[in-house]
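Hello,

Please have a look at it first, and then read on.

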Amino acid sequence: MPTPEIQWYPGHIAKAEKALVDQLNRVDVVLEVRDARIPVSTRHPKVDTWVGEKPRVLVLNRVDMISAEARTAWESWFRQQGEVPYFTDGQQGKGVKAIAKAAQTAGEAVNQRRLARGMKPRPVRAVVIGFPNVGKSALINRLLNRKVVASARRAGITRQLRWVRLSGDLDLLDAPGVIPSRMDDQDAALKLAICDDIGEASYDTQRTAAAFLDLLKGLQQADSPDDYQASLQARYGLTLDNRTGEDFVAEVAAQKFQDNTERTAKRLLNDFRTGLLGQWVLEWPSA
């Protein structure tokens with residue numbers, strides 16, 4: 001059964017994007033946060049246009065949810081593209097000090113220019129941008145070492161732009177998640193839905209869960225080093241062998257959830273999203 005097209009662009013995101021673009025001329029450094037499980041699919045197609053020549057710090061959040069092999073592969077790939085990725089776990093604070101240092105270092109040129117003009121130094125201004133629910137607010141709270149902005153594992157928590165003072169040297173602008181007004185890449189949209197990086201209203205839970213399993217099967221056939229079969233067997237008593245994703249959902253529903261496929265689909269997706277199935281990425285670097 002084909003998965004319906006995924007589209008999601010609520011009014012608060014449209015307003016947030018306009019406000020973000022208006023504020024970018026006040027910003028010295030851009031911290032672009034992506035989901036480490038899908039680092040390509042969480043790249044906004046307009047980010048290069050928005051950022052222009054400003055320094056950018058690439059943050060791959062949720063490193064705790066991917067394997068060491070995946071981290072190594074992505075770090076190597078991004079460096080080959082001329083980018084230095086910073087891996088973080090916003091929930092536990094892993095890697096956040098390096099982010100603050102990178103932002104301050106990237107913004108030092110601002111104060112060098114001010115000093116050359118006889119002006120006093122000022123805090124470097126950094127904006128944190130990315131798709132909904134990739135962990136931007138959790139990172140800011142960890143950088144501040146206190147809860148200043150609302151944070152939760154669902155899309156759409158941050159709805160307004162807000163400046164917060166990290167230290168005497170760095171100001172951060174927390175921006176709501178931004179997403180393309182139209183999702184032309186439906187493969188990427190599906191991965192956003194699987195990872196909970198897009199609003200629930202945009203996708204069908206049962207079909208998304210089935211598509212998630214089909215995606216795992218495709219990754220398995222492409223020789224992904226992640227071990228899906230053992231985890232699925234241990235958790236649900238089934239493997240992907242000779243089953244479509246839809247078949248898998250139906251069989252688990254029959255065996256464990258009184259044929260309730262909606263409940264089964266939600267459990268499957270939640271088990272992945274919370275790391276119960278394993279440290280899996282849904283994307284590997286292209287050759």
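Before the first number, a word on terms: a residue is called buried when its relative accessible area is under 20%. In this predicted model, buried residues make up 51% of the 287 residues in the chain.

Now for the overall build. The chain has ten helices and six strands. Its radius of gyration is 20 Å, close to the 19 Å that the globule rule gives for 287 residues, so the chain is as compact as a globular protein of that length. Along the principal axes, the C-alpha atoms fill a box of roughly 75 × 40 × 35 Å. Of the contacts with a separation of 6 or more, 70% are between residues 24 or more positions apart.

The largest nonpolar core has 59 residues, and Leu31, Leu172, Phe212, Leu213 and Phe248 have the most contacts inside it. Helix H7 (residues 205-221) gives the most to this core, with six residues. Besides the core, there is a second, separate one of twelve residues, including Leu24, Val30, Val47 and Trp50.

Finally, the largest pocket holds about 320 Å³ of space. Among its 16 lining residues, Val40, Ser41, Arg43, Asp185 and Ala188 lie nearest the centre. Helix H6 (residues 186-194) gives the most to this lining, with three residues. By class, the lining has eight nonpolar, one polar and seven charged residues.

Best wishes

Methods
Residues are numbered from 1 along each chain as its sequence is written. This is a predicted model: local features need pLDDT of at least 70, side-chain atom pairs count only at pLDDT 80 or more; totals for chains, interfaces and linings use all residues. Side-chain values use heavy atoms; hydrogens and water are left out. On a 1 Å grid over the protein atoms alone, a cavity is a set of points where a 1.4 Å probe fits but cannot get out, and a pocket is an open set with protein on both sides within 12 Å along at least five of seven lines; lining residues have an atom within 4 Å of a point. Grid points are joined across faces, edges and corners, and a volume is the space filled by probe spheres set on the points. Helices (H or I, at least four residues) and strands (E, at least two) are DSSP runs, numbered from the N terminus. Ala, Val, Leu, Ile, Met, Phe, Trp, Tyr, Cys and Pro count as nonpolar, Asp, Glu, Lys and Arg as charged, and the others, Gly among them, as polar. A nonpolar core is a set of buried Ala, Val, Leu, Ile, Met, Phe, Trp, Tyr and Cys residues joined through side-chain atoms within 4.5 Å. Buried means under 20% relative accessible area, exposed over 50%, partly exposed in between (1.4 Å probe, protein chains only). The radius of gyration is taken over C-alpha atoms; the globule rule is 2.2 Å times the number of residues to the power 0.38. Contact means heavy atoms within 4.5 Å.
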